[in-house]
Amino acid sequence: MISKPFLWVAFGLAAAGCATMPSDAERQAQAAAMLKASFKENGQAKLDRLDQDETQRACSALAGKPPSKELAETLEKANLATIQWPADGKLVGDWKNGERIAQEGRGKQFTDDPAGPVGGNCYACHQISKQEISYGTIGPSLQQFGKLRGYNDEIRKYAYGKIYNADAYSACSNMPRFGQHQILTEQQIKDLVALLMDPQSPVNQ
Amino acid sequence: MQRSLVRAACAVAVALAVAVPVATGQGGSAADEIEKYRQALQDGNPAELWEVRGEALWKEPRGPKKVAFTQCDLGQGPGVVKGAYAKLPRHFADADRVQDLESRLVWCMVNQQGYTEADAKRNPFANPDRKSDIEALVAYVTSESKGVPMAVSLDHPKMREMYALGEKMFWFRGGSHDFACATCHGEDAKRIRLQDLPNLTKKEGAQKGYTTWPAYRVSQGELRTFQWRLYDCFRQQRFPELEYASPASVALTTFLAYNANGAPFAAPSIKR
């Protein structure tokens, strides 16, 4: 038998809880709305950049925790379906162009010329060619990428897909989805695959 | 007089920048060389010039109503600047909202000095053609908290709400590149190119990151405020433009400032 005073206390706590503590999803929606009201479009960076897709929303809600197995599978499947494989079947371009694309940090910022160069800015986060000592560490080192993994179609396909949409292989990756979000062209992605997979590339020396 | 001082400071900055040994990767790591550079910078900080100019601006009658900032209450009473920044952001009853230093300065300019809001926010970040009064005012006010432990209070429910919203914004992924604040500032000992990144999800990182802004930026020859720090991070995140002193900017500042509590405030500093 539950006593009446106990029920009142429980009800009071629940009401207080509701009044002061919105649910996590409510907070996330509130934060998204406040963000939208706090930015203005500038050049190529329009307000729709703040409209999250399902992957962005789900990954944001994790607040740094890894996704559950189920969520990871759902997101990876959905992102894998976005990848457009080259119609000509060729996955490898020119590693020299790839090196330039990996070095280029411009593109998509409101201070960038919309008609100007767009790069992958890969060195911001990855160690790649030995010659470049100014590299970041948010992503893993890619030195010897092809040499270590093998120069075969499976790895070439993985490299292309990973650059196109990193979330297809590792849900809530920190890496931008360069193909999915049309940051890089098909040819640019092929050139980056060459940087990683061409036996002549400085990456594999 | 003022102009020649600034010119002198720019000359010093250029000399420092030129004197930097180029990191070659030989005879000591690149990180060691950068550390030497950072230490060399500490010898003279041109931020003092902004502080001096800001103190004069603080005391002079301004705006259509000819009212000085000595009437402006930063939370410790009208005109009190000593230690005020270490307790910001806070909830202000007169404005009925949470404000950081910069949104508070704008509020005082509008409500006490008679500026329009558009005029008050017109020039927050200097460029080579024009100086910013707000950057100088921020340099002065923050310098009066140097050495004071950060002590932001979440006692007011509006502060707790802004903290919670700021935390959500920190993890908010968006834009063409899926970047959130956390993409770069969510793990220990990471860097972009050779730039070290504080892990703002941990107390130590938040303290180091927050308490060293504002900063004189050698590469820009300007003193930059915390609002500028957020504005330029979002630019690099490929977001649209963060509006000056906007609610989201105050929410994020609340989240980061509170996480820095306990650490002595150490700015204006000098950075690359």
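Helices (H or I, at least four residues) and strands (E, at least two) are DSSP runs, numbered from the N terminus. By that count, chain A has 8 helices and 1 strand. This is a predicted model: local features need pLDDT of at least 70, side-chain atom pairs count only at pLDDT 80 or more, and totals for chains, interfaces and linings use all residues. Residues are numbered from 1 along each chain as its sequence is written, and chains are lettered from A and ligands numbered from 1 in the order in which they are written.

**Chain A: fold and extent**
- Along the sequence, the pattern of chain A reads α-α-β-α-α-α-α-α-α.
- Chain A is more spread out than a compact globule, because its radius of gyration is 23 Å, well over the 17 Å that the globule rule gives for 205 residues.
- That radius is taken over C-alpha atoms, and the rule is 2.2 Å times the number of residues to the power 0.38.
- A box of roughly 80 × 40 × 35 Å, taken along the principal axes, holds the C-alpha atoms of chain A.

- Of its 205 residues, 39% count as buried (20 or more other C-beta atoms within 10 Å of the residue's own, with C-beta atoms placed from the backbone).
- Among contacts (C-beta atoms within 7 Å) between residues at least 6 apart in sequence, 58% join residues at least 24 apart.

**Nonpolar cores**
- A nonpolar core is a set of buried Ala, Val, Leu, Ile, Met, Phe, Trp, Tyr and Cys residues joined through C-beta atoms within 7 Å.
- The largest has 76 residues, and A:Leu35, B:Val141, B:Met169 and B:Ala251 have the most contacts inside it.
- Helix α11 (residues 247–259) of chain B gives this core its largest share, 8 residues.
- Another core, of 29 residues, lies apart from it; A:Leu91, A:Ala124, A:Leu142 and A:Leu192 are among its members.
- Not counting residues up to four places away in sequence, B:Met169 touches A:Ala31, A:Leu35, B:Ala248, B:Ala251 and B:Leu252.

Technical notes
Buried ≥ 20, exposed ≤ 12 C-beta atoms within 10 Å, placed from the backbone. Contact = placed C-beta atoms within 7 Å.
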